[in-house]
Amino acid sequence: MDLINIIDDYNKKFNKFPPSLFLSNKQIIGLWVMGNNYSTKTSLYGAYPHGYLDRIYTMFPLIKGKSLHLFSGSLPDSPDYDKVDYNVGITAEDMGDILPHNFYERIYADPPYSVEDSERYGCCMIKRNVVLKQCFLIMKQGGYLIWLDQVLPNYKKIEWDIVARIGMVKSTNHRFRVITIFKKK
């Protein structure tokens, strides 16, 4: 994927907003101000912010049958993607034991950000570095991992390149998050 084309496609679709993605040192950098629309398609705590998936899919579209959503309890079942979440019987920390290796071309992840969030979800806090190792196992070479979090997880530079870093804020009294987009080497 050409990063300039990704930025251009994004700016064309979201042309009501000032340009917010730029290329710097062979990476997409940017800032998204998501606004104060608090509606989501689910009442589940921690669902993707309103408009987030539309923006991400514009940049890194789902690949039918080759996409995976991690920590995806709020998403409906779909033939377009697989889901891994504690409430579907597969955990992200051992998914490489169950899912095929070198298979997925897109992984979209929105893990619990803190112990308090995990308790509210009713699950354990994840070990980010373990989950990234599992993502590496099941990700096809050249595939993209889109990671929404409050921190940059530990990763191995010999396994992943960072191709994008996008800050994201909703409105007042909301957490600032970062979308880190990794490409498997």
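Before you click anything: on this tour, contact means heavy atoms within 4.5 Å. With that in mind, select Trp32. Setting aside its neighbours within four places in sequence, Trp32 is in contact with Tyr10, Ser20, Leu21, Tyr52, Arg55, Ile56, Met59, Ile166, Gly167, Met168, Val169 and Ile179.

Keep in mind that this is a predicted model. Colour by pLDDT next: the mean for the protein is 86, and 83% of the residues reach 70 or more. Among the elements, strand E5 (residues 104-109) has the highest mean, 97, while helix H3 (residues 115-121) has the lowest, 63.

**The cores**

Which residues touch the most other members of the largest nonpolar core? They are Trp32, Tyr52, Met59, Ile146 and Ile179, out of 27 residues in that core. To see where the core comes from, show helix H1 (3-13), strand E2 (27-33), helix H2 (52-59) and strands E6 (139-149), E7 (160-169) and E8 (177-184); each gives two or more residues to it. Apart from this core lies another, of 22 residues, including Leu68, Leu99, Ala109 and Phe182.

**The helix pair**

Now hide everything but H1 and H2. How do they pack? Their axes are 8 Å apart, at an angle of about 140 degrees, which makes H1 oblique to H2. Show side chains on both: Ile6, Asp9, Tyr10 and Lys13 from H1 meet Asp54, Arg55, Thr58 and Met59 from H2. By class, that contact has four charged residues, three nonpolar and one polar.

Is H2 mostly covered or mostly open? Mostly covered, with six of its eight residues buried: Tyr52, Leu53, Arg55, Ile56, Thr58 and Met59.

**Two backbone stops**

Select Lys26, in the loop between strand E1 (21-24) and E2. Lys26 isn't a glycine, yet its phi is positive, about 65 degrees. Is Lys26 buried or exposed? Its relative accessibility is 74%, so Lys26 counts as exposed.

Last stop: Asn102, in the loop between strand E4 (82-84) and E5. Asn102 is not a glycine either, and has a positive phi of about 55 degrees.

How values were computed: Residues are numbered from 1 along each chain as its sequence is written. This is a predicted model: local features need pLDDT of at least 70, side-chain atom pairs count only at pLDDT 80 or more; totals for chains, interfaces and linings use all residues. Side-chain values use heavy atoms; hydrogens and water are left out. pLDDT is the predictor's confidence in each residue, from 0 to 100. Helices (H or I, at least four residues) and strands (E, at least two) are DSSP runs, numbered from the N terminus. A nonpolar core is a set of buried Ala, Val, Leu, Ile, Met, Phe, Trp, Tyr and Cys residues joined through side-chain atoms within 4.5 Å. Buried means under 20% relative accessible area, exposed over 50%, partly exposed in between (1.4 Å probe, protein chains only). Axes are lines fitted to C-alpha atoms, for helices over the stretch in contact, and angles run from 0 to 180 degrees between N-to-C directions. Angles under 35 degrees count as roughly parallel, over 145 as roughly antiparallel, 65 to 115 as roughly perpendicular and the rest as oblique. Ala, Val, Leu, Ile, Met, Phe, Trp, Tyr, Cys and Pro count as nonpolar, Asp, Glu, Lys and Arg as charged, and the others, Gly among them, as polar.
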